[in-house]
Amino acid sequence: MNEHLEIEYKILLTKDVFETILKDYQNKITKDYIQTNHYFTHPLLEKKKYMLRIREKDNQLEMTLKRPINHYRLETNIMISEKDMDKIIHQQPLSNEIIDILKKEHINPLELINEFSLTTHRYDIQLDEGILSLDHSTYLNQEDYELEFEVYNEKEGFYCFLELIKPYSLSYSQNCLSKIQRVLKAKANMIS
């Protein structure tokens, strides 16, 4: 099990700005890959502002639970097998460290629902202050473009982030909605 505090700054981009930044950083891209996040819902997950997903990337499956801690997110990650993923999706009993955390929080893992997935083409750029990611995501017949900067130090990372977005005439006041929040919003708009 791997746990760490996630400190990140992120904003949504237009397709044109995304392509411009991608072109400007083309020679600095350290990783370029496609990942699919399978999100799970439960009334208590939403109430507690938790996020639970299984990420498919490089033929591996990683289960992640994010929980708010002050103004950060505590991210817990474990690698799982396809068999484990099938159990979770089909609401069958499973045991691991994240399931144990959910049970302690009175979230019944047999009631988790996998309603939707989101696929992202991600470009990672390693900088001294953290990892800059450019994400093109598709979900529920929609797509969006995002710049995400996961930093090692909150203050230094923030100033670096502001400098990174300045040449593109971008302004920042707060993080954009998370990917799961954007999917949930799109789903709600489809229903209404």
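This is a predicted model: local features need pLDDT of at least 70, side-chain atom pairs count only at pLDDT 80 or more; totals for chains, interfaces and linings use all residues.
Two strands count as paired if DSSP finds at least two bridges between them.

Select the strands and follow them across in the order β1-β6-β5-β4-β3-β7-β8-β9-β2, which gives an open sheet of 9 strands with antiparallel pairing. At its edges you will find β1 (2-6) and β2, each of which pairs on one side only. As you pass from strand to strand, neighbours are turned by 25° against each other on average, with direction ignored.

**Strand β2 and its partner.** Next select residues 8-13, strand β2, together with residues 142-151, strand β9; the two pair in the antiparallel sense over 6 bridges. Along this pairing, L13 stands opposite Y145 in β9, while K10 has E148 of β9 as its bridge partner. Although β2 is an edge strand of the sheet, 5 of its 6 residues are buried, so the strand is largely enclosed by the rest of the structure.

**Helix α1.** Now move to residues 15-24, helix α1, where F18, I21 and L22 are buried. These residues cover an arc of only 100° around the axis, which puts them on the same side of α1. Turn to the other side of the helix and you will see D16 and K23, which are exposed. Which strands do the buried residues of α1 pack against? They pack against β2, β3 (29-41), β7 (113-127), β8 (130-139) and β9, and the direction of the helix makes about 140° with that of β8.

**Two nonpolar cores.** Select L13, L132, L134, L147 and F149, which have the most contacts inside the largest nonpolar core, a set of 23 residues. To this core β2, α1, β7, β8, β9 and α5 (154-165) each supply at least two residues. Centre the view on L134 and, beyond its close neighbours in sequence, look for its contacts, among them L13, F18, I21, L22 and L147. Apart from this core lies another, of 19 residues, including F40, L45, L61 and M63.

**Helix α3 and R67.** For the next stop, select residues 82-89, helix α3, which lies across β3, β4 (51-57), β5, β6 (72-80) and β7 and runs at about 120° to β6. Finish in strand β5 (residues 60-69) with R67. Is this residue, R67, buried or exposed? R67 has a relative accessible area of 12%, and because buried means under 20%, R67 counts as buried. Its side chain makes a polar contact with the side chain of T76, at 3.1 Å, and among the other residues that R67 touches are E3, Y50 and I101.

Key: Residues are numbered from 1 along each chain as its sequence is written. Side-chain values use heavy atoms; hydrogens and water are left out. Buried means under 20% relative accessible area, exposed over 50%, partly exposed in between (1.4 Å probe, protein chains only). Helices (H or I, at least four residues) and strands (E, at least two) are DSSP runs, numbered from the N terminus. The arc is that of the directions from the helix axis to the C-beta atoms. Contact means heavy atoms within 4.5 Å. A nonpolar core is a set of buried Ala, Val, Leu, Ile, Met, Phe, Trp, Tyr and Cys residues joined through side-chain atoms within 4.5 Å. A polar contact is a pair of N or O atoms within 3.5 Å; within protein, one must be able to donate a hydrogen and the other to accept it, and residues adjacent in sequence count only if both atoms are side-chain atoms. Axes are lines fitted to C-alpha atoms, for helices over the stretch in contact, and angles run from 0 to 180 degrees between N-to-C directions. Lists of a residue's contacts leave out its neighbours within four places in sequence.
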